[in-house]
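Hi,

Here is the structure I promised to pass on. Have a look at it first, and then read my notes below.

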Amino acid sequence: MPDSQPILEVLDLHVHFKMLAGVVRAVDGVDFTVERGRCLGIVGESGCGKSVTARSILRLLPSSETTGQILYHPNGSDQPIDLVSLDAKGDAIRAIRGKDIAMIFQEPMTSLTPVYTIGEQIMESIRQHQDLSEEEARDLAISMLNKVGIPDAERRLGDYPHQMSGGMRQRVMIAIALCCEPRVLIADEPTTALDVTIQAQILRLIRSLQQDLDMSVIMITHDLAVIAQLADFVIVMYLGQMAEKAPVVELFQDPKHPYTQALLRSIVRPDTPPREQLHSISGSVPDPRNAPSGCRFRNRCPSVHDRCVEDPPVVEFGPQHTATCWLYVDD
Amino acid sequence: MLDTPILQVENLSKFFPVQRGLLRRTVGHVKAVNDVSFTVNKGECVGLVGESGCGKTTVARCLLRLVEPDQGRILLHGEQQTFDIASASRKEMLDVRRQMQIIFQDPFSSLDPRWRVTDVVAEPLIAQKVGRSEAARRVLDILPTVGLGAHFADRFPHELSGGERQRVSIARALVVSPPLVVADEPVSALDVSVRSQIINLLLDLQSQMNLTYVFIAHDLSIVKHISHRIAVMYLGRLVELGTTQQVFEECKHPYTKALLASVLIPDPTHREQSFVLEGEVPSPLNPPSGCHFSTRCPFAQEQCSAEEPDLRDMGGGHWVRCHFAEELDLSEEIFAPQFDTLPASP
């Protein structure tokens with residue numbers, strides 16, 4: 001059954017940061033599975049823990065307290081590796097980071113170093129993981145830049161990041177992420193800083209590379225339209241917790257959690273009547289240090305109930321569809 | 001009501017000099033805004049859209065003389081008199097600013113962190129020589145209008161969320177009761193759940209206070225929602241201008257079509273993008289000859305790179321800057337789907 005082959009399993013992940021003002025429970029009980037060749041979307045607003053989840057997979061948050069399991073199934077091995085148990089600065093995670101699991105960050109302006117040419121930056125990543133000569137690495141870098149749609153790639157190798165536009169820099173980031181043919185690509189808001197026409201190009205590029213390389217993608221975004229266009233399976237997060245988990249069509253057509261429902265109602269769609277009041281969610285996302293007990297959405301929820309002060313149960317609506325809410329539990 | 005002009009922009013241009021070398025010699029100009037003309041009528045909302053670098057923010061800043069326009073006139077028809085903002089004196093600008101205010105994009109950098117909300121909101125009044133006690137009273141009047149309780153008056157910006165800060169910026173703009181408000185990307189820095197609150201607030205305030213908006217944004221679905229008329233800019237030029245209906249349903253410029261087609265639809269059962277534009281916006285320092293869009297336009301012909309098209313009237317207030325506006329068929333079907341059909345969801 002090659003279709004539903006799990007490549008990454010996250011089980012009961014908690015990421016806590018100890019701050020002077022108290023413990024921030026940035027991620028509090030997240031479970032998901034990434035399947036081979038599929039795109040998992042993680043959607044939520046600022047502070048929901050979506051980026052922390054992504055970074056903890058690559059162990060990029062050494063100062064956090066991470067518990068739970070992140071099981072990575074390496075190619076051709078039955079024995080999964082628990083990434084949480086690895087030393088965040090050790091060789092084992094370094095061999096996976098950038099090679100098997102690669103990441104694209106939101107800000108193409110700040111995630112490339114300004115003092116090296118983009119050629120040097122791509123080749124650094126290639127030579128870190130592959131035993132290639134400088135010549136071979138250079139050829140691979142050129143072919144990667146061609147693949148991500150940078151014209152005149154050979155000349156562009158000598159350019160510094162400031163000589164490129166935002167869209168070009170994001171393509172370079174994608175080229176660096178893809179040069180070792182990763183099995184999982186984590187894209188953290190890859191198009192938020194870009195213009196709409198460039199966003200369309202980059203998303204199309206990620207989608208076609210995903211198909212060509214049979215790669216899995218974790219797409220992290222606040223934009224439900226990006227999720228609708230790319231994801232196969234979606235997790236909706238709110239203040240560190242999973243509100244809902246569902247296949248993409250089910251989530252958009254039959255959302256169960258009041259937060260998902262409200263989010264979907266509040267966006268402008270092509271058929272929204274012009275200049276009419278939009279549905280909106282009252283209040284704003286609370287400071288994660290003062291998150292409400294029980295259901296964290298309860299002080300903004302239109303269907304709030306006395307029971308919501310207690311931790312809500314996970315309710316199943318189908319084999320892959322769950323929502324964490326009291327609404328569907330009878331007394 | 002919709003036909004009385006309140007703001008007339010005529011042939012507005014702003015060229016920023018590019019200086020190089022030790023002697024700071026001017027080696028060229030970035031034509032940020034190039035011969036832009038449009039009219040805003042009382043009570044309407046005009047949307048200004050385009051990609052970064054197209055000059056939409058420079059237009060907004062010229063309207064308030066936050067940058068000095070190089071050419072053109074900006075006529076503001078006030079209650080008593082008409083001002084030409086482009087050549088107004090300092091004293092006249094004080095009157096202008098009572099009639100026109102701006103809301104900035106980023107509520108995190110547009111509020112002074114050391115000022116309390118009440119001081120931030122009172123600042124335009126103080127600039128207008130309103131007395132302190134009168135100013136304090138008007139601040140307390142305006143806060144509930146933007147949905148903030150009186151207890152917000154003594155808070156500092158860092159104590160507020162993004163949505164609350166943007167409400168403070170809106171209060172600051174409205175406290176002098178200007179008939180005209182320029183909103184430069186007022187919701188793009190906000191969370192999704194807060195964005196719709198602010199859009200609703202802007203719509204409410206417009207009908208309550210009979211405001212006129214110039215609304216600048218790159219998010220086309222929001223611009224479509226709020227605007228009566230829309231102006232599309234590309235590399236400093238206005239390329240299309242018309243009612244929301246004309247621009248969205250009957251657009252005649254290939255660039256407008258491309259912009260509309262790149263809007264992602266929040267529906268997983270519609271995953272086809274008909275028209276993805278290749279390439280990027282060229283440098284405004286060296287815009288392509290002829291039609292600035294010719295290098296990316298799928299319909300470009302020889303004439304397009306040789307000769308710059310004029311902004312031409314297509315009838316009904318619909319203006320298009322394209323040689324072939326009448327002939328092009330921009331209906332959906334002529335574009336082959338380039339966004340590969342996706343595998344069905346599991």
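Predicted model: local features only at pLDDT ≥ 70, side-chain atom pairs only at ≥ 80, totals over all residues.

**Notes on what I found**

As background, most residues other than glycine have a negative phi. Is A:Arg59 buried or exposed? It has 22 other C-beta atoms within 10 Å, and the cut-off for buried is 20 or more, so A:Arg59 counts as buried.

Chain A has another residue to check for the backbone angle. A:Asp214 is not a glycine either, yet its phi is positive, at about 55°. You'll find A:Asp214 in the loop between α7 and β8 (216–221) of chain A. Its surroundings are another matter: A:Asp214 has 11 C-beta neighbours inside 10 Å, and because 12 or fewer means exposed, that is how A:Asp214 is classed.

**Chain A as a whole**

Stepping back, chain A contains ten helices and twelve strands. Its C-alpha trace spans about 70 × 50 × 50 Å along the principal axes. How does the radius of gyration of chain A fit a compact globule? For 331 residues, such a globule would come out near 20 Å, and chain A has 21 Å, so the two agree. Buried residues account for 46% of the 331 in chain A. If you take the contacts in chain A with a separation of 6 or more, 63% of them are between residues 24 or more positions apart.

**A helix pair in chain A**

From α3(A), the contact uses A:Ile118, A:Gln121, A:Ile122 and A:Ser125, while α6(A) brings A:Val172, A:Ala175 and A:Ile176. By class, the residues of this contact are five nonpolar and two polar, with no charged ones.

**Where the chains touch**

How many residues does each chain put into the contact between A and B? Chain A gives 43 residues and chain B gives 39. On the side of chain A that touches chain B, the helices that each supply at least two residues include α7 (196–213), α8 (224–230), α9 (248–253) and α10 (258–266). The largest share of that side comes from α7(A), with ten residues. Sorted by class, the side of chain A that touches chain B has 19 nonpolar, 17 polar and seven charged residues.

**Chain B**

Chain B has ten helices and twelve strands. Its radius of gyration is 22 Å, close to the 20 Å that the globule rule gives for 346 residues, so chain B is as compact as a globular protein of that length. The C-alpha trace of chain B spans about 65 × 60 × 50 Å along its principal axes. Of its 346 residues, 46% count as buried. Among the contacts in chain B between residues at least 6 apart in sequence, 63% join residues at least 24 apart.

The helix pair to look up here is α3 (residues 117–127) and α4 (residues 132–145) of chain B. Their axes come within 9 Å and cross at roughly 120°. With that angle, α3(B) and α4(B) are oblique to each other. The crossing is right-handed. On the α3(B) side the contact is made by B:Thr118, B:Val121, B:Ala122, B:Leu125 and B:Ile126, and on the α4(B) side by B:Ala135, B:Ala136, B:Arg138, B:Val139 and B:Ile142. Those residues divide into eight nonpolar, one polar and one charged.

Last stop: B:Arg25, in strand β2 (residues 25–41) of chain B. It has 10 C-beta neighbours inside 10 Å, so B:Arg25 counts as exposed. Leaving aside neighbours within four places in sequence, B:Arg25 is in contact with B:Gln19 and B:Arg20. B:Glu79 is 54 residues from B:Arg25 in sequence, and the two are 45 Å apart in space, C-alpha to C-alpha.

Cheers

Terms used:
Residues numbered from 1 in each chain as written. Chains lettered and ligands numbered in written order. Helix = DSSP H or I, 4+ residues; strand = E, 2+ residues; numbered from the N terminus. Rg over C-alpha atoms; globule rule 2.2 N^0.38 Å. Contact = placed C-beta atoms within 7 Å. Nonpolar A, V, L, I, M, F, W, Y, C, P; charged D, E, K, R; others polar. Axes fitted to C-alpha atoms, helices over the stretch in contact; angles between N-to-C directions. Parallel < 35°, antiparallel > 145°, perpendicular 65-115°, else oblique. Left-handed = near helix turned anticlockwise from the far one by under 90°.
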